[in-house]
Amino acid sequence: MLQRKIIERCMLVLLVFDKTEGLQRTLVRMGVGNSFGRIFRISTFGESHGGGVGVIVDGCPPRLALSRDAVQYELDRRRPGQSRLTTPRNESDQVEILSGLTPEGETLGTPIGMIVRNKDQRSGDYNEMAAAYRPSHADATYDAKYGVRAVAGGGRSSARETIGRVAAGA
């Protein structure tokens with residue numbers, strides 16, 4: 001029963017008027033969102049082979065100390081290429097804080113926007129993988145959830161998507 005309710009929440013009934021068929025009801029699959037939290041809320045954005053990945057942090061009170069260096073320290077801990085188990089992709093993962101801070105490094109109480117721009121994406125490396133899902137990756141799950149597949153780098157199912165969560169937690 002719970003599974004059915006969750007699936008129903010992820011579907012939208014769209015009414016479309018077709019000249020030949022008349023009014024049609026169409027079920028549209030919706031993503032479940034990219035935001036987490038209630039009082040302290042984060043919304044992540046971006047893809048591994050797009051312009052960058054980042055986060056909007058909302059609900060942070062004003063006058064708290066926050067520095068780019070503190071966020072960068074945490075991002076450096078998750079940076080790729082530090083072991084043989086991670087991607088060989090060489091990304092420096094330099095964070096830019098776009099909004100929500102005073103020049104002195106105090107929060108304003110407004111949303112804090114942070115982005116890490118992608119620099120070492122090689123989308124052509126994934127051309128052969130377009131025919132099948134990559135083993136040990138979330139490509140199939142992402143396709144089932146959103147109904148679309150980002151072949152180059154996995155899109156939102158890439159480990160680079162964790163950057164926003166790490167930055168928000170810093």
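In this predicted model, strand 4 (residues 41-46) pairs with strand 5 in the antiparallel sense, through six bridges. The two strands form a hairpin, with five residues between them. On its other pairing, strand 5 runs antiparallel to strand 7 (residues 112-117), and six bridges join them. Strand 5 itself (residues 52-58) is mostly covered, with five of its seven residues buried.

A look at the interior comes next. In soluble globular proteins, nonpolar side chains tend to be buried together. Here the largest nonpolar core has 15 residues, and those touching the most other members are Val 55, Val 57, Val 71, Leu 75, Val 95, Ile 112 and Met 114. Strand 5, helix 2 (68-78), strand 7 and helix 4 (162-169) each supply at least two residues of this core. Beyond its neighbours within four places in sequence, Ile 112 is in contact with Val 55, Ile 56 and Val 57, and also with Cys 60, Leu 66, Ile 97, Ser 99, Gly 100 and Thr 107.

The two helices named above also meet each other. The axes of helix 2 and helix 4 come within 8 Å and cross at roughly 140 degrees, which makes helix 2 oblique to helix 4. Helix 2 contributes Val 71, Glu 74, Leu 75 and Arg 78 to the contact, while helix 4 contributes Thr 162, Ile 163, Val 166 and Ala 167. The crossing of helix 2 and helix 4 is right-handed.

How values were computed:
Residues are numbered from 1 along each chain as its sequence is written. This is a predicted model: local features need pLDDT of at least 70, side-chain atom pairs count only at pLDDT 80 or more; totals for chains, interfaces and linings use all residues. Side-chain values use heavy atoms; hydrogens and water are left out. Buried means under 20% relative accessible area, exposed over 50%, partly exposed in between (1.4 Å probe, protein chains only). Helices (H or I, at least four residues) and strands (E, at least two) are DSSP runs, numbered from the N terminus. Two strands pair if DSSP finds at least two bridges between them. A nonpolar core is a set of buried Ala, Val, Leu, Ile, Met, Phe, Trp, Tyr and Cys residues joined through side-chain atoms within 4.5 Å. Contact means heavy atoms within 4.5 Å. Axes are lines fitted to C-alpha atoms, for helices over the stretch in contact, and angles run from 0 to 180 degrees between N-to-C directions. Angles under 35 degrees count as roughly parallel, over 145 as roughly antiparallel, 65 to 115 as roughly perpendicular and the rest as oblique. A crossing is left-handed if the near helix is turned anticlockwise from the far one by less than a right angle, and right-handed if clockwise.
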